[in-house]
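Work through the following exercises with the coordinates open, and try each task before reading its solution.

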Amino acid sequence: MNRFAKPLLASAALCAATLLPARAEIDVARLKTAIEVLVEGDYPKLDALYKDIHAHPEIAFQEEKTAAKLAAEMRALGFDVTEKVGKTGLVAIYKNGDGPTIMVRTELDALPMEEKTGLAYASHDKTSWNGRETFVAHSCGHDIHMASWVGTAKTLVGLKDQWQGTLMFIAQPAEETGSGAKAMLADGLFTRFKKPDFAFALHDGAFAYGTINYRVGIGSSNSDSLFVRFRGRGGHGAAPQATIDPVMIAARFIVDVQSVISREKDPTEFGVVSIGAIHGGTAENIIPDEVLVLGTIRTFKPEVRAKMLTGIERTAKAVAAMSDAPAPDIKITEGAKAVMNDPGVVATAEKVLKAAFGDKLRPSPPGTPSEDFSEFINAGVPSMFFNIGVYEPERVAAARDGSGPQLPPNHSPLFAPVPKPTIETGVVAMTLAVLSTFDQHARGK
Ligand SMILES: [Zn+2]
Ligand SMILES: [Zn+2]
């Protein structure tokens with residue numbers, strides 16, 4: 001704990017002690033104020049941590065310095081920290097009497113892209129990625145999550161006379177590649193450490209700060225990667241009759257595969273196929289031997305996913321057969337599965353968050369991006385994943401009614417959360433969600 005925060009935490013804990021007599025209903029308004037006092041007092045440190053991590057992002061499974069920064073913060077708070085879980089991940093445990101174990105997860109990784117925000121603390125860092133040099137940027141906002149995660153840990157430690165149980169704070173590598181959660185589980189996350197009873201995670205997004213979006217059930221999409229190699233027979237562009245043209249085959253596939261979405265899938269169900277890369281050929285007058293097509297497949301429901309995968313494979317084989325080409329190589333790699341929010345965990349947190357945030361807590365439809373937090377849920381941990389906004393409410397309103405520019409979303413080189421209100425909302429919401437679950441358990445409900 002830093003010398004700056006200690007008296008504030010101690011005094012707020014004291015003041016909060018009178019707010020929550022054992023087994024009584026939580027006085028959310030007063031508790032929220034107590035949490036806000038803690039966060040406000042500690043914010044300069046969180047701001048410095050956020051800007052440091054933002055300026056020096058690290059890509060999937062390279063997050064060594066980032067993890068070390070978080071490990072130091074958590075050790076200073078009295079957590080028992082284990083590093084290098086799942087390569088670069090860390091696990092921080094804080095025991096505080098009998099009660100459930102609640103996991104709070106942040107991601108550690110940034111994206112292989114150039115930041116163009118022009119912010120004073122913008123990243124200019126580069127790294128090596130898949131054999132190529134690339135810029136690195138926290139354009140998904142995982143740095144906001146890390147600052148909120150540390151802030152939540154500080155606040156919960158400051159309020160430790162208000163709950164009993166174990167905090168299991170984990171920092172996960174490689175969310176963007178969909179492989180970090182799996183790596184932590186494979187490295188014994190739920191066997192070397194106790195499997196948590198409940199889990200929470202948050203993600204920021206391009207909507208108004210101070211607001212929280214949540215949902216019961218499906219929260220994000222299943223993600224599959226598509227790789228198709230169409231084989232033809234290369235030759236002269238002026239004599240196509242002597243060739244089998246894989247460019248033409250790939251072009252047909254790219255168009256026809258969308259009929260799987262529009263004609264085969266139930267139109268009321270979510271499903272997307274996007275082709276993100278085509279590799280083939282070298283010159284204008286050479287018909288190449290082969291063309292590679294790479295894409296992403298997103299769905300919510302397993303039955304829709306199965307139907308789409310079948311249709312995509314059939315289409316790829318059919319367009320090749322149409323040109324009398326050899327069967328294509330088709331590889332579909334399963335990525336993250338859909339996040340399923342637990343109705344019980346959401347109902348408990350919802351009651352408290354509603355009392356704290358009023359109409360700024362909003363039920364929302366599932367997001368179409370994917371998220372490997374689902375790995376922990378599928379390992380049997382009832383969980384809640386929610387979203388927090390990052391932009392000034394006025395700018396969001398202007399973008400919505402067309403009087404202002406559209407705001408850059410996650411993964412845009414211009415994505416630029418407003419740090420203070422975003423991080424503070426993250427800390428307050430996550431702290432209340434965790435406290436509500438401890439409280440529910442303590443009251444035996
Ligand atoms: Zn992302
Ligand atoms: Zn993200």
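The exercises below concern a predicted model and treat a metal site, a helix pair and a residue in a strand.

**Exercise 1.** Determine which protein atoms are the donors of the zinc ion (ligand 2), and how the donor residues are spaced in sequence.

*Solution.* Begin with the protein donors, which are SG of C140, NE2 of H142 and NE2 of H203, lying 2.1 to 2.3 Å from the zinc ion (ligand 2). Next, read their order along the chain, which gives the spacing C-x1-H-x60-H. Then turn to the zinc ion (ligand 1), which is 3.1 Å apart from the zinc ion (ligand 2), with C140 coordinating both. Finally, check accessibility: both C140 and H142 are buried.

**Exercise 2.** Classify the packing of helix α4 (residues 142–158) against helix α12 (residues 419–442) by angle.

*Solution.* The axes are 8 Å apart and the helices pack at an angle of about 50 degrees. Angles under 35 degrees would count as roughly parallel and those from 65 to 115 as roughly perpendicular, and α4 and α12 are therefore oblique to each other. Their crossing is right-handed. The residues making the contact include I144, A147 and G151 of α4, and I423, G426 and V427 of α12. By class, the contact has nine nonpolar, seven polar and no charged residues.

**Exercise 3.** Decide whether E334 is buried, partly exposed or exposed, and list the residues that E334 touches beyond four places in sequence.

*Solution.* First locate E334 in strand β15 (residues 329–334). Its relative accessible area is 42%, so E334 is partly exposed, since that class lies between 20% and 50%. Beyond its sequence neighbours, E334 touches K182, S223, D224 and R305. For S223, 111 residues apart from E334 along the chain, the C-alpha separation from E334 is 6.6 Å.

Conventions:
Residues are numbered from 1 along each chain as its sequence is written. Chains are lettered from A and ligands numbered from 1 in the order in which they are written. This is a predicted model: local features need pLDDT of at least 70, side-chain atom pairs count only at pLDDT 80 or more; totals for chains, interfaces and linings use all residues. Side-chain values use heavy atoms; hydrogens and water are left out. Donors are N, O and S atoms within 2.8 Å of the metal (3.2 Å for Na, K and Ca); water is not among the atoms, so sites may look incomplete. Buried means under 20% relative accessible area, exposed over 50%, partly exposed in between (1.4 Å probe, protein chains only). Axes are lines fitted to C-alpha atoms, for helices over the stretch in contact, and angles run from 0 to 180 degrees between N-to-C directions. Helices (H or I, at least four residues) and strands (E, at least two) are DSSP runs, numbered from the N terminus. Angles under 35 degrees count as roughly parallel, over 145 as roughly antiparallel, 65 to 115 as roughly perpendicular and the rest as oblique. A crossing is left-handed if the near helix is turned anticlockwise from the far one by less than a right angle, and right-handed if clockwise. Contact means heavy atoms within 4.5 Å. Ala, Val, Leu, Ile, Met, Phe, Trp, Tyr, Cys and Pro count as nonpolar, Asp, Glu, Lys and Arg as charged, and the others, Gly among them, as polar.
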